[in-house]
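User: Please go through this model with me, and for each label that you apply, set the value against the definition behind it.

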Amino acid sequence: MEQAPKSAFVIFGVTGDLTARKLMPALYQLHVEGVLHPETSIVGYARSQNDDTALRESMKKALKTYVKGFNVKAWESLAKRITYIQGTYDDVKGFKELAKHLEDLKQENRIFYTSTPPATYTGIVKGLAEAGLARSEGGFSRVVIEKPFGIDLETAKDLNIQVLEHFAEDQVYRIDHYLAKETAQNLSALRFANTLFEPIWNNKYIDHVQVTMTEPMGVEGRGSFYEEAGVIRDVFQNHLLQLLALVAMEPPSRYDAKSVRDEKVKVFSAMECLDLNHAVMGQYVAGNGMKGYRDEEGVNPRSRQATYAAATFKINNWRWADVPFYMRSGKRLGDKASEIVLRFKKPPHIPFDVPNSMISDRLVFRLVPNEGISFRFNAKEPGQHFKMDRVSMNFYYDKEFDRPAPDAYETLILDVMQGDATLFMRADEVEAQWRIVDPLLEQWEKSKKDPAFYSAGTPGPSQADEMLERAGRYWHKPGNGK
Ligand SMILES: NC(=O)c1ccc[n+]([C@@H]2O[C@H](COP(=O)([O-])OP(=O)(O)OC[C@H]3O[C@@H](n4cnc5c(N)ncnc54)[C@H](OP(=O)(O)O)[C@@H]3O)[C@@H](O)[C@H]2O)c1
């Protein structure tokens, strides 16, 4: 792998959860693999009283918790390049101190990562500009913006305006870590590096598409955040729509930032979310020893916030006319799973004497668990009779390749260092995604209906099954490797 250029990686909100669980482990792994430049500087920035030694100690503790096979020697060579700057996110004083620090470190390539709550993003961007850090003589200056990017189309537009007032679009890296998952990238490889699939990747052969993301976790102490977000803003607007775009976009002429993002924006422009008659908004109640959403800390006891949703999307173009795209996601569902399912149409004519109910073929992309791809199809059972059975062809990442898949954050950090924005969202892309989900959110907020309640630890509300049954379809049971 090509080594990243020498740079300073500045983390705003270095005292937080994301830094401990994802950013620092990713930087450590890149260092162990020799991909990080040996003169990389890591600068932590936050409001908390701290110093270099205390930050290094807390990062070491985090790595011991989150990295398998933590190696003290490797850590020590990285630790000495970690420093701390104390400052706020809305006062230029801290940013000026940061600028001086980067000069002292002789780092002209600079990456600024907003690992802080969204309310601080504009203050950080403005502070960087006021301290002269939005440009770098003799190097690059890049800013990484974490999700969520706005809470609707208007706020996303506003945030884009404020960020782009100080940084050019090619300096801005808007994160959706789902795009960096190996299976998400492999979806593009499967479609565009093989001849078999692309000719049948359309409404002539595909009956419908399902995108599913289930989580056993509840709101984990982040009740007040979730009251503002809900499942549509938290995962539909970003992760699920991004996965859907990878399935539905036209083949790009090149796999680079401009071509791929142009194609995604085109598919988002053709996409619409059907109304509440084709959707289910759910909320978990107490069950299986777990408390209900309304009993969580920071949650209104009469909250209507959706912790689960199933929705129907249409893509109005020649390739996808009349193919429904169903998406569902929720918290406190039995198992953790994330997958994309393409259900093919039945053959136009079946010459065998088999029941009418014969099931059609299915292609499954598993992101979590058992990352890989399965194709399930009909085959003849052995014997003199002509009886069909369902069989599978399976590809598992961990069985096929001896190198473990890197964590998404490793890929993303390296891409930012190397200036590759293919896996990041462009301004027009984020806005197009909000344009799709905003009408559903507005309808839900106006409807005043109760959510469809489901018990914690179950597969979700039965109304979601009924939604598909009405269309003569059913949800794929995720995670079973078939
Ligand atoms: N955690 C995840 O797995 C995850 C996943 C996807 C996206 N994200 C996004 O990544 C960002 C960081 O996530 P996180 O979980 O690390 O957040 P966090 O722990 O809540 O906050 C990170 C740091 O920001 C500062 N901070 C907290 N609340 C603040 C406030 N109200 N005003 C100003 N500063 C505040 C704190 O540092 P000081 O007080 O020391 O300054 C805190 O340690 C968020 O935007 C989040 O939405 C997180």
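Predicted model: local features only at pLDDT ≥ 70, side-chain atom pairs only at ≥ 80, totals over all residues.

Analyst: Residues are numbered from 1 along each chain as its sequence is written.

User: What makes the protein chain as compact as a globular protein of its length?

Analyst: There are 13 helices and 16 strands in the protein chain, where helices (H or I, at least four residues) and strands (E, at least two) are DSSP runs numbered from the N terminus. Its radius of gyration is 24 Å, close to the 23 Å that the globule rule gives for 482 residues, so the chain is as compact as a globular protein of that length. The radius is taken over C-alpha atoms, and the rule is 2.2 Å times the number of residues to the power 0.38. Along the principal axes, the C-alpha atoms fill a box of roughly 80 × 50 × 45 Å.

User: Where do the domain bounds lie in the protein chain?

Analyst: Domain 1 covers 8-146 and domain 2 covers 180-402 + 426-469, with bounds that come from an automatic or database domain assignment. The centres of domain 1 and domain 2, taken over C-alpha atoms, are 35 Å apart.

User: Why are the buried residues of helix 6 said to line one face?

Analyst: Helix 6 (residues 153-164) has 12 residues and reaches 16 Å from its first C-alpha to its last, close to the expected 16 Å, which is 1.5 Å times one less than its number of residues. Its buried residues are L153, A156, L159, N160 and V163; a residue is buried if 20 or more other C-beta atoms lie within 10 Å of its own, exposed if 12 or fewer, and partly exposed in between, with C-beta atoms placed from the backbone. Seen down the axis of helix 6, these buried residues fall within an arc of 125°, so they line one face, the arc being that of the directions from the helix axis to the C-beta atoms. On the face turned away from the buried side, helix 6 carries the exposed residues E154 and I161. The cover over the buried residues of helix 6 includes strand 5 (141-145) and helix 12 (427-447).

User: How do you know whether A321 is buried or exposed?

Analyst: A321 has 12 C-beta neighbours inside 10 Å and therefore counts as exposed. A321 lies in the loop between strand 10 (308-315) and strand 11, and, not counting residues up to four places away in sequence, touches N203 and N316, contact meaning that the C-beta atoms, placed from the backbone, lie within 7 Å.

User: What makes strand 7 largely enclosed?

Analyst: In strand 7 (residues 206-214), 7 of the 9 residues are buried, so the strand is largely enclosed by the rest of the structure. Strand 7 pairs with strand 12 (residues 337-344) in the antiparallel sense over 8 bridges, where pairing requires that DSSP finds at least two bridges between the strands. Strand 7 also runs parallel to strand 11 (residues 325-330), joined by 6 bridges. T212 has E339 as its bridge partner in strand 12 and stands opposite R328 in strand 11.

User: How do you know that both faces of strand 1 are covered?

Analyst: In strand 1 (residues 8-12), 5 of its 5 residues are buried, with A8, V10 and F12 on one side and F9 and I11 on the other. In a regular strand the side chains alternate between the two faces of the sheet. Strand 1 pairs in the parallel sense with strand 4 (residues 110-114) over 5 bridges, and A8 stands opposite R110 there.

Methods. Contact = placed C-beta atoms within 7 Å.
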